Amino acid sequence: MAQLNPVVVSKDFQVRQELRALGLTLEIITSIARMSAAGKFEALEIDPSSTPGTLAYIKGVRAIRLALLPLGWRLSRIGNVEATVNDKLGIQICFQNVDAACTDQHPQAISGKGAGSRKLIQNGQIELFDRSAPESVDAIGSVPTVWLVCVSTDSKKLRAEVSCPEVFEGNQFEGFSKRIFVVDEDLDPMPGNVDQPDNISSPVEHEVRVAKK
């Protein structure tokens with residue numbers, strides 16, 4: 001059953017603290033979000049409708065691994081799910097295009113989740129409640145807990161959160177135990193790129209200027 005009231009972290013110093021416990025930084029997540037947005041805005045009007053989301057996903061996964069693999073994380077493709085794993089912390093990070101990050105509503109995946117994602121989250125999250133804070137234990141040997149870098153972009157906003165999904169049964173997330181709001185930036189799309197809605201029926205998502213708030 002989904003938790004109705006997840007822990008939401010949005011204050012800057014708390015966000016940095018929570019990310020640090022996950023082996024992440026605000027700068028890393030911001031870079032991932034921006035690279036994903038840039039990928040989305042590379043798509044042209046003549047491309048297949050799934051191109052913006054697909055490019056956003058590819059660039060997002062790439063950005064995660066470019067940042068984390070040099071820090072000792074490893075690549076995983078168990079169940080055909082692309083993840084990046086920190087065995088010592090017992091954490092695996094996945095990229096997810098969502099409809100809207102950092103809002104009162106739970107973020108929803110742009111494309112429905114399959115059996116591989118359900119199983120990955122179920123196996124990792126079941127052990128979550130048997131552990132202390134990640135930094136206080138050596139989690140090697142346990143199933144890594146799944147955390148998602150959830151990114152949403154539209155013609156005006158780039159948002160990203162790092163959130164821990166709860167076990168779910170259908171093809172969509174049903175809740176989160178914790179949500180860390182990291183990125184909320186204004187976007188200035190480059191001329192010539194075509195706006196496309198995020199809710200396209202595919203895994204995913206044009207160049208983009210980021211205007212800091």
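Student: How do the residues lining the largest cavity divide into nonpolar, polar and charged?

Tutor: A cavity is a set of points on a 1 Å grid over the protein atoms alone where a 1.4 Å probe fits but cannot get out, and lining residues have an atom within 4 Å of a point. Here the lining has 6 nonpolar, 1 polar and 2 charged residues (Ala, Val, Leu, Ile, Met, Phe, Trp, Tyr, Cys and Pro count as nonpolar; Asp, Glu, Lys and Arg as charged; the others, Gly among them, as polar). The model is predicted: local features need pLDDT of at least 70, side-chain atom pairs 80 or more, while totals for chains, interfaces and linings use all residues. Residues are numbered from 1 along each chain as its sequence is written, and side-chain values use heavy atoms, without hydrogens or water.

Student: Which residues line the largest cavity?

Tutor: They are V61, I64, R65, E82, A83, T84, I93, C94 and F95. Two or more come from each of α3 (51–68), β3 (83–86) and β4 (91–97) (DSSP runs numbered from the N terminus: helices H or I, at least four residues; strands E, at least two).

Student: Which residues of α2 are buried?

Tutor: L26, I28, I29, T30, I32, A33, S36, A37, G39 and K40.

Technical notes:
1 Å grid on protein atoms, 1.4 Å probe; cavity = no way out; pocket = protein on both sides within 12 Å on 5 of 7 lines; lining within 4 Å. Buried < 20%, exposed > 50% of the residue type's maximum accessible area, 1.4 Å probe, protein only.
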